[in-house]
Amino acid sequence: MLVTPLAHAAQNDYLAERFRKAYEFLSRDDLAALPLGRVDIDGDDVFANVQEYETVPAPDKRMEAHRRYYDVQFVVSGEELIQYAPLEGMIEIGSFDEDSDFGVYGTPPGCSSIVLRAGQIAVFAPEDGHKPGCSFGAAKHVRKIVVKVRV
């Protein structure tokens, strides 16, 4: 699944070599056994963050966005709701942290949602605000790998 404004489709090559490295990594059989934290795939161009957490209600979370990296979010186990919307027009909360490539934004009205379940990926480009880790119904434990792919 790819959801993006048509104007952005041509600028995002989701089959480029860096993305192929991300998809290949996510095809490994040992994802459930990886230690939490960063796993290098191709230096700072492609790397993974292995995470575990409990989902929370969407109003308890903020939108986030990145400038230098795409997020390839893959749920290893559990399920979560992810809200997303075009970053353009979102209100930034605080200053964007250039070192960690992380900005926090207010949730716009009318944003879209997907439910990401074990074995599924969602790819968010720098022009996408997204709010992962939200509960779909009851809170659930999620093990997720976010592969960061440099723009």
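This is a predicted model: local features need pLDDT of at least 70, side-chain atom pairs count only at pLDDT 80 or more; totals for chains, interfaces and linings use all residues.
## The five-stranded sheet

Five strands form an open sheet in the order S1-S2-S10-S4-S8, and their pairing is antiparallel. The edges are strand S1, residues 37–42, and strand S8, residues 121–124, each of which pairs on one side only. On average, neighbouring strands of this sheet are turned by 20° against each other, direction ignored.

Within the sheet, strand S2 covers residues 46–54 and strand S10 covers residues 141–150. These two strands run antiparallel and are joined by nine bridges. In general, the strands of a sheet pair through backbone hydrogen bonds, in either a parallel or an antiparallel manner.

## The helix across the sheet

Helix H2, formed by residues 17–26, lies across S1, S2, S4, S8 and S10. Strand S4 spans residues 69–77. The direction of H2 relative to S10 is given by an angle of about 155°.

Strand S5 comprises residues 79–86, and seven of its eight residues are buried, so the strand is largely enclosed by the rest of the structure.

S5 pairs with two strands that are described here. With strand S7, residues 112–117, the pairing is antiparallel and extends over six bridges. Ile-82 has Ile-114 in S7 as its bridge partner. With strand S9, residues 128–134, S5 also pairs in the antiparallel sense, over five bridges. On this side, Tyr-84 stands opposite His-130 in S9.

## The cysteines

How many disulfides does a search of the whole structure find? The search finds zero. A disulfide is, in general terms, a covalent bond between the sulfur atoms of two cysteines.

Cys-111 is in no disulfide, and its nearest cysteine sulfur, that of Cys-134, lies 8.8 Å away. Cys-134 is likewise in no disulfide, its nearest cysteine sulfur being that of Cys-111 at 8.8 Å.

Cys-134, by contrast, is buried, with a relative accessible area of 0%.

Conventions: Residues are numbered from 1 along each chain as its sequence is written. Side-chain values use heavy atoms; hydrogens and water are left out. Two strands pair if DSSP finds at least two bridges between them. Helices (H or I, at least four residues) and strands (E, at least two) are DSSP runs, numbered from the N terminus. Axes are lines fitted to C-alpha atoms, for helices over the stretch in contact, and angles run from 0 to 180 degrees between N-to-C directions. Contact means heavy atoms within 4.5 Å. A disulfide is a pair of cysteine sulfur atoms within 2.5 Å. Buried means under 20% relative accessible area, exposed over 50%, partly exposed in between (1.4 Å probe, protein chains only).
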